[in-house]
Amino acid sequence: MNPAHDKKQDKKNLRTEFRKRIDAISFGDLITKSQNLVESFQANIAQTISSSVFSGRYIVSFYPFENEPQINIESEARNEPYQVAYVRITSWDQREMVAAQARRDQPGQWEEFEVAPGNRIFQPSPGQPLCSPSEIAAVLIPGLSFSPGGERLGRGAGFYDRFLKNYPMALRIGIAFEEQISQNLPCDEWDEKVDVILTDRGIREVKGMNLLGEWRTQGKILERKQD
């Protein structure tokens, strides 16, 4: 039996399982959990960093699908100690993304992108300024599931695995509900791990990483451990 085939099938089965778990969350619970997750982000990330270190630095977020955590890291007062940016798909065929500056309260900065027939997402429009790797302090990363060891089960396209390789100094923050945490996930050599996992119940550092304290004071990861 081919181990690579087994791993591929395991991932496929787990994607089906976690999609069912996510779809089983009612709309009311989705909103409540999402609000709890936003509060968790404020308490564990935004309120623990200093404007002097993070001024002019970007935290890159994503515009969620309907059943993903509805996280919004922007404040109405625009008093975040960081700047905000979002991922933008530049090539679907090559599975390539960039980080572009944008705010949700500026409708003219956005476009609709058709991921698949009938499945559309919002992303920064082509004219929005891009962020350089040195400007990016952290990336919020969605996923179907995360493990305590930092493994991530994505939707299978590989966008984030390619994207994260370009930003080794950015803190990688997995975004999920507690229902999406799995003790073990299959992992291939090209799969990029996260550094911390932020859920509706709090934050947890990935075992063996211990990067959060350094990031809060430095605004970047000076040396990323490689498996």
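1. Leaving aside its neighbours within four places in sequence, which residues is Ser125 in contact with? Contact here means heavy atoms within 4.5 Å. By that count, Ser125 touches Arg88, Gly108, Gln109, Trp110 and Glu111. Ser125 itself sits in the loop between β5 (119–124) and β6. Helices (H or I, at least four residues) and strands (E, at least two) are DSSP runs, numbered from the N terminus. Ser125 counts as buried because its relative accessibility is 12%, where buried means under 20% relative accessible area, exposed over 50%, and partly exposed in between (1.4 Å probe, protein chains only).

2. Before going on, a word on what you're looking at. This is a predicted model, in which local features need pLDDT of at least 70 and side-chain atom pairs count only at pLDDT 80 or more, while totals for chains, interfaces and linings use all residues. Residues are numbered from 1 along each chain as its sequence is written, and side-chain values use heavy atoms, with hydrogens and water left out.

3. Now the overall picture. The chain has 5 helices and 11 strands. Its radius of gyration is 17 Å, close to the 17 Å that the globule rule gives for 227 residues, so the chain is as compact as a globular protein of that length. For the record, that radius is taken over C-alpha atoms, and the globule rule is 2.2 Å times the number of residues to the power 0.38. Along the principal axes, the C-alpha atoms fill a box of roughly 55 × 40 × 35 Å.

4. How much of the chain is tucked away? Of the 227 residues, 48% count as buried. The chain exposes about 11500 Å², with carbon and sulfur atoms supplying 47% of that area; the areas come from the Shrake-Rupley method with a 1.4 Å probe, and for residues only the protein chains shown count as cover. Take the contacts between residues at least 6 apart in sequence: 68% of them join residues at least 24 apart.

5. The nonpolar interior deserves a look. A nonpolar core is a set of buried Ala, Val, Leu, Ile, Met, Phe, Trp, Tyr and Cys residues joined through side-chain atoms within 4.5 Å. The largest one has 54 residues, and Phe41, Phe163 and Trp215 touch the most other members. Strand β6 (residues 136–142) gives the most to this core, with 6 residues. A second, separate core of 6 residues includes Leu14, Phe18, Leu144 and Leu153. As background, nonpolar side chains in soluble globular proteins tend to be buried together.

6. Apart from neighbours within four places in sequence, Phe41 is in contact with Ala46, Ile59, Ile71, Ile73, Tyr82, Leu140 and Leu198.

7. Ser91 lies in strand β2 (residues 83–91) and counts as buried because its relative accessibility is 18%. With neighbours within four places in sequence set aside, Ser91 is in contact with Glu96 and Phe159.

8. Most residues other than glycine have a negative phi. Arg78, though, has a positive phi, near 55°, and Arg95 also has a positive phi, near 55°. Arg78 is in the loop between β1 (58–61) and β2, and at 43% relative accessible area it is partly exposed. Arg95 is in the loop between β2 and β3 (96–101); with 24% relative accessible area, Arg95 is partly exposed too.

9. Next, some residues on the outside. Phe27 is in helix α2 (residues 27–44) and counts as exposed, because its relative accessibility is 65%. Ala24, in the loop between α1 (3–23) and α2, is exposed at 63% relative accessibility. Asn210 is in the loop between β11 (202–205) and α5 (212–218), and is exposed with a relative accessible area of 58%. Asn210 and Asp195 are 15 residues apart in sequence and 8.0 Å apart in space, C-alpha to C-alpha.

10. Last, charge. The chain has 29 positive and 32 negative side chains, and the centres of the two sets lie 3 Å apart. Lys and Arg count as positive and Asp and Glu as negative, leaving out His and the chain ends. Each charge is placed at NZ of Lys, CZ of Arg, CG of Asp or CD of Glu.
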